[in-house]
Structure formats: structure tokens, C-alpha cells
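Reader: I am new to this structure and would like to learn how to read it. Could we take a few features in turn?

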Amino acid sequence: MFVSSEDIVFNELDKNLESIIRTSSILAKLKGKDDKLIYILEQEYKNDPFNIEKICAYCFYLWFLADDRLDLSDTNSVFQVSFNLINVVDDVVDIEPRYWILWILKYRIQSFMNFSEEELISDLKELLEIQRLKNYPSYFLVSDILLSHVYYLKERYQEAEDILKEVNTYYEGKIKILKEFFQGFIDEYRNLVKRSEEESIMELLNQIEKEYF
């Protein structure tokens, strides 16, 4: 995944990027699928392919459209939406790997696709290794949440629990940026756990939510 992990310092989010991602969410809800808007956003990012604001405007608009309408039981629907977004993200991060928000969007999408989960686990573990090299803001903990979630899907419950137990070792302070988007990682995982009897994992998720959200 990363050619030289030691040299990567992830870009942190700022208020301007948060505003762009929030606007993408609002547009997806208010306008729905607008082919003219998709074309404009796509051309904007293609004309400036490593401008993170233009990339996020396009990718998150498509993601929020999909997230609102995606039938997770329909594998064809998941794949149709997913591959286009993943290909766009890959084109960018292959050249500029510092855009953490794109990595986490890609891995969130892949977690819905229900294939190559071992590869996804490996990629998320590498992402965490890089995050551990620096004190990043607390919203980076969604990488840990997502890895635990995928372990849970693979019925590797102890590993899922161990990841959650370590969260407060690495992160401090409330999440203050894109709170609703990052809350979604907790909510999706918790909805899955509710259908089982893994009370310890549910308790850890509730503790993380209380401490950071």
C-alpha cells in the first residue's frame, strides 16, 4: 500500500475542507443525483487532480449519494457505486499518499463490499502503524474502529475487542470536526453488534462514543 511508510505524515483536516464535505452532504440530500453537478465536480477535479478540496467535493458528493440510497444487501449495487469512487481515490493517493481522509473513505467503502477482507485488514493495520508514529487528532480513531469492525465481520472477536481497548492509549480530546461523518463509523459497527451477544464490544463502543463524541 505505502511505498515508504516512515516518510508519510498525513494531512489533517481543516475547517475549509470540513465545509466542502458538509456541503457535499447537503447537496446529495437536497438535489439527489444531479448529472450536471456530477459532471461539473468531475471536471473540476480532473483539471486539478491533486487539489484535495476539489477531489473531496466530487468523491464525497458521490459517497453521500450512495450512502443515502445504497442497498447493502444488493451486492451489484454496492459494487457499481464503489469501484468508481475507489478508482478515483487510488489515482490520487498513488501519487499523493498524505491525504488520510481519502484513505479512510476508500477503506470504509471497501468494508461494505464483503470481499478481500484479509487484504483490507492488512491495509488498515499498515494505516494504523503510520498513525502511531505521530500524535494525530482524535478523529483518526475511526481507523481503529474500522479495523475492529472488519475483525468482527471475520468473527475474530478477540482481535476486534483488543483494538478497541487500545483507543484511549493513542487519542485525546473530543472530536470537533466532521463529527457526524465520523460518528457513522461507530453507529454502523454498533448496529451490527446489537444483533449478537458481544456485550464487551458494545460496552467499549459506548465508552469510546462517550469519551470522544
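Reader: Are W100 and Y139 buried or exposed?

Author: The model is predicted, so local features need pLDDT of at least 70 and side-chain atom pairs count only at pLDDT 80 or more, while totals for chains, interfaces and linings use all residues. Residues are numbered from 1 along each chain as its sequence is written, and side-chain values use heavy atoms, leaving out hydrogens and water. W100 is buried, and Y139 is too, where buried means under 20% relative accessible area and exposed over 50%, with partly exposed in between (1.4 Å probe, protein chains only).

Reader: What kind of aromatic pair do W100 and Y139 form?

Author: A pair of aromatic rings is described by the distance of the centres and the angle of the planes. Rings of Phe, Tyr and Trp (its six-membered ring) pair if their centres lie within 6.5 Å, and planes under 30 degrees apart count as stacked, over 60 as edge-to-face and the rest as tilted. The structure holds 18 aromatic pairs; that of W100 and Y139 is tilted, with 5.6 Å centre to centre and 50° between the planes. W100 lies in helix 5 (residues 100–113) and Y139 in the loop between helix 6 (117–131) and helix 7, so the pair ties together parts that are 39 residues apart in sequence. Helices here are DSSP runs (H or I, at least four residues), numbered from the N terminus.

Reader: Which residues of helix 11 are buried, and which are exposed on the other side?

Author: An α-helix has 3.6 residues a turn, so residues three or four places apart point the same way. In helix 11, the buried residues are I201, M202, L204, L205, I208 and Y212, whereas E199 and K210 are exposed on the other side.

Terms used:
Helices (H or I, at least four residues) and strands (E, at least two) are DSSP runs, numbered from the N terminus.
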